[in-house]
Amino acid sequence: MATNSSNNSHKVPEPEFRFRHTLPIQIRFNDMDMLGHVNNTTYLKFFDLAKCRYFEDLLPGSLDWKEINVVVANINCDFYAPTFFNESVAVCTTVTGVGDKSFRMEQRLYDTETGQVKCICRTVMVGYDLEKGCSMAITKEWREAIERYEGRPV
């Protein structure tokens, strides 16, 4: 799991909660930029993929992507170290809090061999009514699933 045992530990904030979900990431040639490291825009793809897998694990067998009722409202990334093609990396994901109409997530891309945190992503997901086209309360199903999966009140 992502640690601060690397040379950038003085900059990387400690996580508020432990991460129960981890997804190994395969870096591909087209993820690279002219400087020889993973392009900043590619990190969002990594985080999106990890969010999808997290949601599938959160609601196994009952998640219908055509009917999903949460959307991204805000996303922020803090970059701490470059990621290179030959590194083994993974994204860990957790929900840090749930409000009436939204929940907050934290994700970290890190080197699985050294624990070095490469990037931290914080996302706000909002409940969304597909038929009405507006925000809605986070459903009881989502709240209960998050608490069950995370093993703590949110």
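Reply: Let us begin with a term. Helices (H or I, at least four residues) and strands (E, at least two) are DSSP runs, numbered from the N terminus. This is a predicted model, in which local features need pLDDT of at least 70 and side-chain atom pairs count only at pLDDT 80 or more, while totals for chains, interfaces and linings use all residues. Residues are numbered from 1 along each chain as its sequence is written, and side-chain values use heavy atoms, with hydrogens and water left out.

Me: How many helices and strands does the chain have, and in what pattern do they follow along the sequence?

Reply: The chain contains two helices and six strands. Their pattern along the sequence is β-α-β-β-β-β-β-α.

Me: What does the radius of gyration say about the chain?

Reply: The radius of gyration is taken over C-alpha atoms, and the globule rule is 2.2 Å times the number of residues to the power 0.38. For 154 residues, a compact globule would have a value near 15 Å; the chain has 16 Å, which agrees. The C-alpha trace spans about 45 × 30 × 25 Å along its principal axes.

Me: What share of the residues is buried?

Reply: Buried means under 20% relative accessible area, exposed over 50%, and partly exposed in between (1.4 Å probe, protein chains only). In this chain, buried residues make up 45% of the 154 residues.

Me: Which residues have the most contacts inside the largest nonpolar core?

Reply: In soluble globular proteins, nonpolar side chains tend to be buried together. A nonpolar core is a set of buried Ala, Val, Leu, Ile, Met, Phe, Trp, Tyr and Cys residues joined through side-chain atoms within 4.5 Å. The largest one here has 17 residues, and those with the most contacts inside it are Phe55, Leu58, Val70, Phe103 and Trp142. Two or more residues of this core come from each of helix H1 (40-58), strand S3 (89-98), strand S4 (102-111) and helix H2 (140-150). H2 gives the largest share, four residues. A second, separate core has 14 residues, among them Met32, Val38, Phe46 and Cys119.

Me: With which residues is Phe55 in contact, leaving aside its neighbours within four places in sequence?

Reply: Contact means heavy atoms within 4.5 Å. With those neighbours left aside, Phe55 touches Leu63, Trp65, Ile68, Val70, Phe103, Met105, Met125 and Trp142. Phe55 is buried, with a relative accessible area of 3%. For Phe103 the relative accessible area is 0%, so Phe103 is buried as well.

Me: How many aromatic pairs does the structure hold?

Reply: A pair of aromatic rings is described by the distance of the centres and the angle of the planes. Rings of Phe, Tyr and Trp (its six-membered ring) pair if their centres lie within 6.5 Å; planes under 30 degrees apart count as stacked, over 60 as edge-to-face and the rest as tilted. The structure holds seven such pairs. In one of them, Tyr43 and Phe46, the centres are 6.4 Å apart and the planes at 55 degrees, so the pair is tilted. Both residues lie in helix H1, three residues apart, about one turn of the helix, and both are buried.

Me: How are the rings of Phe55 and Phe103 arranged?

Reply: Their centres are 6.3 Å apart and their planes at 90 degrees, so this pair is edge-to-face. The pair links distant parts of the chain, with Phe55 in helix H1 and Phe103 in strand S4, 48 residues apart. One aromatic cluster is formed by Tyr54, Phe55, Phe103, Trp142 and Tyr149.

Me: How many disulfides does the structure hold?

Reply: A disulfide is a covalent bond between the sulfur atoms of two cysteines. The cut-off places the two sulfur atoms within 2.5 Å. The structure holds zero disulfides. The cysteine sulfur closest to that of Cys119 is in Cys77, 4.4 Å away, too far for a bond. Cys121 is in no disulfide either, and its nearest cysteine sulfur, that of Cys77, is 4.0 Å away. Cys119 is buried, with a relative accessible area of 0%, and Cys121 is buried with a relative accessible area of 0%.
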